[in-house]
Structure formats: structure tokens, C-alpha cells
Amino acid sequence: MKYRSILASVILALVLFVFPLSAQAASSSSVTNSLSNKGVGGKDFSGQSLIGIEFTSVKLENTNFSAADLRGAVFNGVLLDTVNFHGVDFSQGIAYLSKFKDADLSDAVFTDAMMLRSTFDNVDIIGADFTNAILDMLQVKQLCVHASGVNSKTGVDTRQSLGCK
């Protein structure tokens with residue numbers, strides 16, 4: 001009996017080693033609305049409700065999101081050159097490995113957003129609220145250089161929300 005269970009274990013291990021189960025990572029895109037490489041750059045999403053939408057590996061140059069509801073949205077590996085985020089609500093959103101360049105982030109709400117490994121080059125953050133947002137320290141220092149204003153919705157000072165000295 002003992003030898004049978006050992007033999008069964010060895011056979012099972014060999015089968016799994018020779019024919020491994022395919023590993024497919026669970027992705028939020030399989031559960032949520034996802035836009036992936038679908039030519040959405042340059043479009044006008046202003047004022048729209050885009051709660052929980054996911055943008056993956058897409059170029060969004062010149063895209064207008066002004067005043068859009070992006071709560072819980074995900075930007076994963078997205079190029080956001082000259083994007084208009086003025087007045088958006090991106091609270092509890094995720095921007096991972098995304099590049100904001102020459103973007104208008106003024107008066108936006110980034111409360112509780114996860115923005116690790118994202119870069120911010122020449123962006124307007126006047127009046128943006130980054131309260132409890134998680135960003136790379138180098139990016140925070142860079143943003144603090146030009147941070148000013150108070151968010152019109154939350155009443156929070158931009159410099160204070162970033163923890164600027």
C-alpha cells in the first residue's frame with residue numbers, strides 16, 4: 001500500500017512535469033471593460049463615465065478625458081502624450097508603467113490612486129489632488145517643483161497632497 005501511494009505520487013509528478021498545466025494569470029480585463037490596442041488615441045471621452053475601464057498597452061496621444069469619471073480605471077503601459085485629464089476623477093485608479101507627457105492634469109482628483117513606475121514629464125498639475133496617491137519618490141520630487149493651487153472639488157492644496165516640503 002505504501003509503495004502504491006509513492007508510485008502514484010511519482011507518476012503524478014512526472015505527468016505534471018512533462019505536461020504542465022497552462023498558467024494563465026487572472027486579469028482584471030477579463031472581468032471589466034477593456035480597451036487594448038484598439039486605436040482610441042485622439043478620441044474625446046470628456047465628461048463620460050469610464051468607471052473601472054482598463055486601457056492596456058495603448059497610445060492615447062491627444063485624447064480628451066476632461067471631467068470624465070475614471071474612478072477605479074486602470075492605465076497599464078499606456079502612453080499619455082498631450083492627454084487632457086483636466087478635472088477628471090481618477091480616485092482609486094491605477095496607472096502602472098504609464099507615461100504622462102505634456103499632459104493637462106490640472107484640477108484632477110488622484111485620491112488613493114496607485115501610480116507606480118509611471119512618469120510625469122512637463123505636466124500641468126495646478127489644483128490636482130494627490131491625497132494618499134502612491135507615486136515613485138523621484139516623480140513626487142519632480143512634480144513638487146511646479147505644484148500649486150487648490151483642487152476645486154476637494155479643497156485640497158496640491159503641494160500638501162503631494163507632501164512637498
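This briefing looks at aromatic ring pairs and at confidence in the model. The structure is a predicted model. A search of the whole structure turns up 14 aromatic pairs.

**An edge-to-face pair**
- Phe85 and Phe100 pair edge-to-face. Their ring centres are 5.8 Å apart, and the angle between the planes is 85°.
- Phe85 sits in the loop between strand E4 (79-81) and strand E5 (94-96), while Phe100 sits in strand E6 (residues 99-101), so this pair ties together parts 15 residues apart in sequence.
- Phe85 has 0% relative accessibility, so it counts as buried.
- Phe100 is also buried, with a relative accessible area of 0%.

**A stacked pair**
- The ring centres of Phe110 and Phe130 lie 4.8 Å apart. Their planes meet at 15°, so the pair is stacked.
- Phe110 belongs to the loop between E6 and strand E7 (114-115), and Phe130 to the loop between strand E8 (119-121) and strand E9 (134-135), so the pair ties together parts 20 residues apart in sequence.
- Both Phe110 and Phe130 are buried.

**The ring cluster**
- Ring pairs link a set of phenylalanines into a cluster. Among its members are Phe45, Phe55, Phe85, Phe100, Phe110 and Phe130.

**Confidence**
- The protein chain has an average pLDDT of 86. A score of at least 70 is reached by 77% of the residues.
- Residues 21-32 have a pLDDT below 50. In the model, this stretch makes seven contacts beyond near neighbours in sequence.
- Where pLDDT is low, predicted coordinates should not be read in detail.

Methods: Residues numbered from 1 in each chain as written. Predicted model: local features only at pLDDT ≥ 70, side-chain atom pairs only at ≥ 80, totals over all residues. Heavy atoms only, no water. Phe/Tyr/Trp six-rings, centres within 6.5 Å; stacked < 30°, edge-to-face > 60°. Helix = DSSP H or I, 4+ residues; strand = E, 2+ residues; numbered from the N terminus. Buried < 20%, exposed > 50% of the residue type's maximum accessible area, 1.4 Å probe, protein only. pLDDT = per-residue confidence, 0-100. Contact = heavy atoms within 4.5 Å.
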